[in-house]
Amino acid sequence: MKELGELVHLFVSAFLFHFAAYMIIPATTDITMEALCPGQDACSLAIYLTGFQQAATGFGAIIVTPLVGNLSDKYGRKTLLMLPTTITVLPLAILAYNQTREFIYAYYAVKMVAGMFADGCMQCLSLAYVADRVCERRRASAFAMLLGVSTAGFVCGTLLARLLPVSSTFQVATVAAMATATYVRLFLEESNPCLARDDEEINKPLCSTSSSSSSDGESLPRLTVLRKRPSLSEMINLLTSSSTLSRAAVIAFFHSLGENGLHTALLYYLKARFHFSKDQFADLLLIIGIVGTFSQLTLMPFLAPKIDEEKLLTVGLLASCAHVFLYSIAWSYWVPYLAASFVMLSIFVNSCIRSIVSKKVGSTEQGMAQGCITGVSSFASVICPLIFTPLTAWFLSDNAPFNFKGFSIMCAGFATLTALVASVTILTGELTAYEGSTPADEEQNSGPILFSPRNRDDEIK
């Protein structure tokens with residue numbers, strides 16, 4: 001409870017941030033199509049514009065997120081959290097002022113740049129902040145609670161969007177985004193592992209009595225990564241320093257590819273297939289948000305101490321596959337609502353991946369490690385529009401090769417299925433390592449890995 005008490009201000013900040021960011025989603029699809037293709041249920045221009053913005057944002061996030069995460073290891077989480085919370089205000093303010101065709105284009109242009117600093121960095125820095133404050137054995141539950149609070153912000157924002165007129169939705173979202181930046185600046189405490197602990201403390205994982213040691217049994221000094229910008233080779237070394245980290249990166253990539261593919265196509269698919277409007281979009285998002293919030297705040301903290309993250313990850317990906325495939329073959333307007341219920345288990349995936357990665361690195365590498373995983377996910381979001389945007393536009397048009405409007409969503413399901421197969425390999429790998437290890441091996445490997453084990457001697461020098 002003491003650890004959770006230290007995270008209250010972070011939880012409030014995350015709630016307000018996602019409240020503002022997700023409030024506009026149900027209305028954005030409607031106003032974009034109304035401005036670009038008035039009176040139509042399908043609009044290729046809107047699909048391509050959204051896809052281009054998503055790809056450009058993801059490409060920038062690949063570079064920006066690991067950099068910001070690494071800088072937070074040196075300068076502190078709060079200092080860097082001011083960046084995404086402040087820059088989010090700009091695109092919202094544009095649509096709060098006007099929603100005509102010219103302002104729609106301006107919104108997507110500014111959103112493209114702002115998203116590079118906001119979308120991935122907020123999650124990366126928040127997770128690193130939690131890792132600084134919570135001990136390793138309770139980190140999975142704390143991550144789940146953070147994501148649950150974020151989902152609660154998503155639910156409240158969507159519910160309010162359901163009640164507000166479109167013109168007021170963007171104004172309220174802008175005020176909420178400004179309140180987020182103000183709250184972070186005034187109330188959130190700084191968290192900096194490099195300044196808060198001396199070298200001896202940094203050498204050990206938080207709340208753990210084990211320490212990293214060399215192969216000959218001598219204790220190695222903890223490496224503090226204070227570079228202004230991590231190189232590509234350093235990020236690759238970090239992700240390949242452990243087979244578990246490598247597999248976690250593969251899972252993050254394919255899961256993100258499937259999720260982004262679903263999000264790229266879903267709203268336009270539902271509008272073309274069942275003539276959904278803003279209110280139906282909001283209802284669907286509310287179901288997803290409420291179920292996800294309940295799962296993250298109650299079910300995940302209950303299961304995490306009793307079941308390994310690797311097993312929960314496999315369960316979550318199995319539910320995610322069912323979730324996506326059911327959308328693709330929806331035969332009636334109520335089927336998407338049924339598919340949304342699978343979020344109760346599929347929401348486990350992100351928390352489990354982040355917890356697995358967090359346990360494999362030291363306290364001064366949390367920002368960079370989480371940033372690298374977010375960068376991998378951002379790379380998937382770059383590739384996703386190149387694949388799913390033309391595929392969605394093609395199968396929703398009159399020139400589709402066959403009548404299957406959900407074909408692009410089914411392809412996204414196959415990407416999620418690939419992540420599921422990879423999660424089974426990480427689970428079997430952990431079980432094999434556990435069965436083949438001796439007590440001495442377990443004691444020696446109990447600490448977190450150093451920054452670049454393959455170049456450990458060079459790094460120490």
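Predicted model: local features only at pLDDT ≥ 70, side-chain atom pairs only at ≥ 80, totals over all residues.
**Entry 1**

Next I asked which residue forms a salt bridge with Arg133. I found Glu189, with the closest N and O atoms 3.9 Å apart. The pair links distant parts of the chain: Arg133 sits in helix 7, while Glu189 is in the loop between helix 9 (166-187) and helix 10 (193-196), 56 residues apart. I noted that Glu189 is partly exposed, with a relative accessible area of 48%.

A reminder to myself: side chains of opposite charge can pair when their charged atoms come close.

**Entry 2**

How many salt bridges does the count give? I got two.

One of them joins Arg77 to Asp132, and here the closest N and O atoms are 2.7 Å apart. This pair also links distant parts of the chain, with Arg77 in helix 5 (residues 77-87) and Asp132 in helix 7 (residues 101-133), 55 residues apart.

Is Arg77 buried or exposed? I wrote down buried, at 0% relative accessibility. Asp132 is buried too, with a relative accessible area of 6%.

**Entry 3: a patch on the surface**

I then turned to the surface and found a nonpolar patch formed by Ile329, Trp331, Tyr333, Trp334 and Leu338. Together they have about 570 Å² of accessible area.

I picked out Leu338, which lies in helix 16 (residues 335-340).

Technical notes: Residues numbered from 1 in each chain as written. Heavy atoms only, no water. Patch = residues over 30% accessible without salt bridge, like charges linked within 9 Å, V, L, I, M, F, W, Y side chains within 5 Å. Areas by Shrake-Rupley, 256 points an atom, 1.4 Å probe, with all protein chains shown as cover. Salt bridge = Lys/Arg side-chain N within 4 Å of Asp/Glu carboxyl O. Helix = DSSP H or I, 4+ residues; strand = E, 2+ residues; numbered from the N terminus. Buried < 20%, exposed > 50% of the residue type's maximum accessible area, 1.4 Å probe, protein only.
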